[in-house]
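Colleague: I am new to this structure and would be grateful for a close look at one part of it, namely the contacts that link its side chains.

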Amino acid sequence: MLLSSKGKHRRPSKATRAIAIAGVTGAAVAAPLMAAGNASAATASEWDAVAQCEAGGNWSINTGNGYYGGLQFSASTWAAYGGTAYASTADQASKSEQISVGEKVLAAQGKGAWPTCGTGLSGASNNAGSPAPSAPQQSTPKSSTTQSTEQRASRSTERPAAKTVETPTGKKVKKGDGEYKVVKGDTLSSIAAKKHVAGGWQKLFKLNKDIVDDADFIFPGQQLHLS
């Protein structure tokens, strides 16, 4: 999320921006729009990597955890950097529109806006860019700058991971939290044989009834319990 952590900014993942941390309201919210430019030179593949880390590569994801889209923008960050010109939340915008807003955030806040997943972005440092002369500087909590840094760094672990996976037809199904991750080509029978599950596929089906509705259909990314 902006702030996710693979480990999903989820979530952690699987994952607020400087705006949310500072509690900026009113006229100050417009500052990032004035400050953000096109200084970043991050490539499309780099943004794809961020989306893969943040949201499993799903640019339309909305798990209900307060972060949206492939780059996991909070609603406040999305609005502050002009995203509502495209859609009310990032998950409803196209990939290119999300990247456009991401470039503005990257130019203004640096890679730290995605503390875990943004390290591979080029064209910006880990620190926020300097605001335009006419734009007021976003404030940080007066308690201490260190506190603000710790809050940003912890967002990745605080944000829950995505709870669904997308099927080839675009349907979202429960992900689960088991120890075995389904890969392409897997069936309950092949998994039972490979992992020596006592009771075979019937036992696997029973153990995972909460996420598997039909024993003939499991999907890559689902996490199955083996015992």
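How many salt bridges does a search of the whole structure find?

Modeller: This is a predicted model, in which local features need pLDDT of at least 70 and side-chain atom pairs count only at pLDDT 80 or more, while totals for chains, interfaces and linings use all residues. Residues are numbered from 1 along each chain as its sequence is written, and side-chain values use heavy atoms, with hydrogens and water left out.

The search of the whole structure finds two salt bridges, a salt bridge being a side-chain nitrogen of Lys or Arg within 4 Å of a carboxyl oxygen of Asp or Glu. One of them is formed by the side chains of Lys95 and Asp48, at 2.8 Å from N to O. Lys95 belongs to helix α5 (residues 95-109) and Asp48 to helix α3 (residues 44-55), so this pair ties together parts that are 47 residues apart in sequence. Helices here are DSSP runs (H or I, at least four residues), numbered from the N terminus. Lys95 is partly exposed, at 35% relative accessibility, and Asp48 is also partly exposed, at 31%. In these terms, buried means under 20% relative accessible area, exposed over 50%, and partly exposed in between (1.4 Å probe, protein chains only).

The other salt bridge joins Lys194 to Asp186, with the closest N and O atoms 3.6 Å apart. Lys194 is partly exposed at 46% relative accessibility, whereas Asp186 is buried at 13%.

The search of the whole structure finds one disulfide, defined as a pair of cysteine sulfur atoms within 2.5 Å. This disulfide joins Cys53 to Cys117, with an S to S distance of 1.9 Å. Cys53 lies in helix α3 and Cys117 in the loop between α5 and α6 (145-158), so the pair links distant parts of the chain, 64 residues apart. The torsion about the S-S bond of Cys53 and Cys117 is about -60°, which means that the disulfide is left-handed. Cys53 is buried, with a relative accessible area of 15%, and Cys117 is buried as well, at 8%.

Note on methods. Helix = DSSP H or I, 4+ residues; strand = E, 2+ residues; numbered from the N terminus.
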